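Dear colleague,

Please find below the structure that I am handing over to you. A short account of the findings follows it.

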Amino acid sequence: MERSLMSIVMNSHGGTGQSLAATILFAVLPIAKVFTICFMGFLMASKYVNILSANGRKLLNGLVFSLLLPCLIFAQLGRAITLQKLLDWWFIPANILLATISGSLIGLIVAFIVHPPYPYFKFTIVQIGIGNIGNIPLVLIGAICRDTSNPFGDPDKCSQDGNAYIAFGQWVGAIIVYTYVFHMLAPPPGETFEGIENVKLPTRASADIVVLEKVPLLIPKEPEPIELDSSRKGKIIRRLCYLAEKLKLKQIFQPPVIASALAITIGIIPFLKGLILTDDAPFYFFTDSCLILGEAMIPCILLALGGNLVDGPGAGSSKLGLRTTAAIVFARLIFVPPAGIGIVTLADKFGFIPKGDKMFKFVLLVQHSMPTSVLSGAVANLRGCGKEAAAVLFWVHIFAVLSMAGWIVLFLGMLF
């Protein structure tokens with residue numbers, strides 16, 4: 001009978017799995033799996049193979065974000081959640097919010113010390129404060145739970161619970177990214193991150209310009225009479241549209257967030273859950289199809305991530321400078337996780353974490369030790385500092401391979 005490498009190591013240590021060597025190996029093996037698949041994506045995108053081109057990676061990222069990830073979230077979160085669990089899991093979104101606050105405070109301190117080049121002060125804070133709470137943790141949990149000898153028990157339950165905990169916080173992360181991060185990454189007024197003014201107009205118009213402005217090019221039409229009711233409706237609609245644009249509702253309600261909302265809604269209503277999500281449900285074929293598609297999410301996102309690294313840090317590194325880039329990477333991977341350990345430890349002492357659920361606590365800890373969020377890089381691209389964000393993401397993901405392994409060793413030592 002074939003045995004896994006992990007089971008051999010654990011049996012060689014008396015079957016307890018408590019030894020330092022077994023813990024280190026168990027922590028390193030999932031990272032090694034992630035690194036191997038990323039390297040394959042890197043190889044496929046390299047000039048020697050050139051199968052995974054830039055357009056292909058863009059399409060693959062879109063497929064993951066719009067279909068595969070929402071399917072995984074809907075199936076795993078919907079099957080795991082109940083009304084009671086919804087009340088018990090309240091600290092997951094609170095943990096993400098606290099992680100953002102603590103990370104941003106650390107980023108603020110680092111930015112004051114390092115003095116990043118203008119205008120990257122707020123950029124530095126964001127890159128340190130916003131971690132990847134979705135894709136990378138899902139990949140990590142999948143790699144850990146795949147092994148039958150994992151310390152969390154049954155692989156299927158391990159994967160379902162871990163994915164459900166991570167998916168439950170997706171909506172909070174989306175709101176944070178498209179509100180807080182979007183406003184923090186705004187360029188200085190009248191400028192861009194290139195240091196060039198967007199609009200170069202005279203502050204005071206000359207006399208000739210004023211005269212020309214007074215001459216209408218077109219004869220204005222007489223305003224048509226508008227009914228009072230339609231005018232009121234128009235004002236309401238305009239105000240709602242303005243509010244939606246101001247709050248970035250279109251960006252917040254992304255496919256993973258919609259999938260999380262549907263999973264929570266259906267999962268906490270017994271009738272709907274028995275109709276779609278349970279194994280003997282009449283429409284379980286839909287959920288099973290989502291599970292099949294969701295299984296493809298992990299390899300696809302890792303292939304795309306590895307392919308994105310083929311371009312290297314690019315021109316963004318020179319704009320930020322070595323000192324600022326190194327400070328962001330070091331602070332995100334080394335300074336932020338200890339603050340997260342303190343937050344989770346205090347939450348456990350106050351009884352905010354379900355007793356005996358080690359996977360729950362592990363997910364909370366992992367959320368503090370992840371590299372910078374890829375989604376924040378997408379927002380940075382919208383704000384005009386995409387090259388700088390790409391450079392940070394490149395270096396932070398390279399060094400995260402080592403840091404995540406070290407933090408997982410510590411987390412497993414705390415839990416087992």
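The protein chain exposes about 22000 Å², and carbon and sulfur atoms supply 68% of that area; accessible areas come from the Shrake-Rupley method with a 1.4 Å probe, and for residues only the protein chains shown count as cover. This is a predicted model, in which local features need pLDDT of at least 70 and side-chain atom pairs count only at pLDDT 80 or more, while totals for chains, interfaces and linings use all residues. Residues are numbered from 1 along each chain as its sequence is written, and side-chain values use heavy atoms, with hydrogens and water left out.

The protein chain has 21 helices and 0 strands (DSSP runs numbered from the N terminus, helices being H or I of at least four residues and strands E of at least two). Of its 416 residues, 47% are buried, meaning under 20% relative accessible area with a 1.4 Å probe, protein chains only.

Leaving aside residues up to four places away in sequence, serine 260 touches Ile73, Leu77, Ala167 and Gln170 (contact means heavy atoms within 4.5 Å).

Helix 3 (residues 54–80) and helix 16 (residues 297–308) have axes that come within 9 Å and cross at roughly 150°; axes are lines fitted to C-alpha atoms over the stretch in contact, and angles run from 0 to 180 degrees between N-to-C directions. Helix 3 and helix 16 are therefore roughly antiparallel, the term for angles over 145 degrees.

Yours sincerely

Conventions. Parallel < 35°, antiparallel > 145°, perpendicular 65-115°, else oblique. Buried < 20%, exposed > 50% of the residue type's maximum accessible area, 1.4 Å probe, protein only.
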